[in-house]
Amino acid sequence: MEISSALIQKYFKDLSEDQIAKFDQLFDLYSFWNAQINVISRKDIEELYERHILHSLGIAKFCTFKAGEKVLDVGTGGGFPGIPLAILFPETEFHLVDSIGKKIKVVTEVAAALGLKNVKASHLRAEQVNDKYDFVVSRAVTRLIDFYPWIKDKFNKNSKNAIANGILYLKGGELAEEISESRLKAELYPLSAYFEEDFFETKFVVYIPC
Ligand SMILES: C[S@@+](CC[C@H](N)C(=O)[O-])C[C@H]1O[C@@H](n2cnc3c(N)ncnc32)[C@H](O)[C@@H]1O
């Protein structure tokens, strides 16, 4: 059981002392809040650094968010992938939304305890969000065919990033059918190219320029 940020430091070599301290704090914070409000499976708390934090940071192996960019995390649950990404990219603004208020309470408490000034958390359905973003990130919310209509009109059109504005969705398993049914132009990036743990063998970042 990994209860420190050592695994994160293995793959992200340039973390500041402040970022390392924040990643280290996550175990105690999620152990405390998850015991009260279930945001990740109780068994999974032991795998927090691999299955939740490092998995969330897989997006960063594909896209480096810039200072001032705005990122929406749809269906963030307890804050994944938004909280780990907000620690990694402190100059980027993250808006984390979920349709369940008590999950947003956990996110708000965790962000406050970490002093993350670049995180805003809102109890909202994705369809109710009324703002524009450079990127939308998400994990384990719904099929792409249902997800895309929620967020397709929420993008800035003037990307200053190396990649065009769009969706960065963490997905696992057999994706060909899901992408084909959505009729979206999606690109798949395997996380096994970056992370050697078995968990990542079937995990992808799905990128959909919007
Ligand atoms: C399986 S959980 C995943 C949570 C988190 N992304 C993670 O990977 O740990 C799916 C989350 O999506 C939220 N959700 C489902 N439909 C939503 C919608 N239309 N707008 C916002 N949140 C939604 C649910 O409340 C739930 O917290």
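This is a predicted model: local features need pLDDT of at least 70, side-chain atom pairs count only at pLDDT 80 or more; totals for chains, interfaces and linings use all residues.
Colleague: Hi! Where is the place of Ala126?
Modeller: Ala126 sits in the loop between strand 3 and strand 4. Strands (E, at least two residues) are DSSP runs, as are helices (H or I, at least four residues), and both are numbered from the N terminus.

Colleague: Thanks! Is Ala126 buried or exposed?
Modeller: Ala126 is buried, because 21 other C-beta atoms lie within 10 Å. A residue is buried if 20 or more other C-beta atoms lie within 10 Å of its own, exposed if 12 or fewer, and partly exposed in between, with C-beta atoms placed from the backbone.

Colleague: And which residues is Ala126 in contact with?
Modeller: Leaving aside neighbours within four places in sequence, Ala126 is in contact with Val74, Gly75, Val97, Trp150 and Ile151. Contact means that the two C-beta atoms, placed from the backbone, lie within 7 Å.

Colleague: Where is Gly75 found, then?
Modeller: Gly75 is in the loop between strand 1 (70-74) and helix 4 (82-88). Gly75 also counts as buried, because it has 20 C-beta neighbours inside 10 Å.

Colleague: What about the ligand: how many residues surround it?
Modeller: There are 17, and the closest are Gly75, Gly77, Phe80, Ala126 and Arg139.

Colleague: Which residues does the UniProt "binding site" annotation cover?
Modeller: According to the unreviewed UniProt entry, that annotation covers Gly75, Phe80, Ala126, Glu127 and Arg139.

Colleague: New topic! What is the order of strands in the sheet?
Modeller: The open sheet has seven strands in the order 3-2-1-4-5-7-6, with mixed pairing. Two strands pair if DSSP finds at least two bridges between them.

Colleague: Which are the edge strands?
Modeller: They are strand 3 (119-123) and strand 6 (187-190), and each pairs on one side only.

Colleague: In what sense do strand 4 and strand 5 pair?
Modeller: Strand 4 (residues 135-139) and strand 5 (residues 166-172) are parallel, with five bridges. Arg139 stands opposite Leu170 in strand 5.

Methods. Residues are numbered from 1 along each chain as its sequence is written. A residue is near a molecule or strand if its C-beta atom, placed from the backbone, lies within 6 Å of it. UniProt positions are given in the numbering used here, feature names are shortened, and annotations may be inferred rather than shown by experiment.
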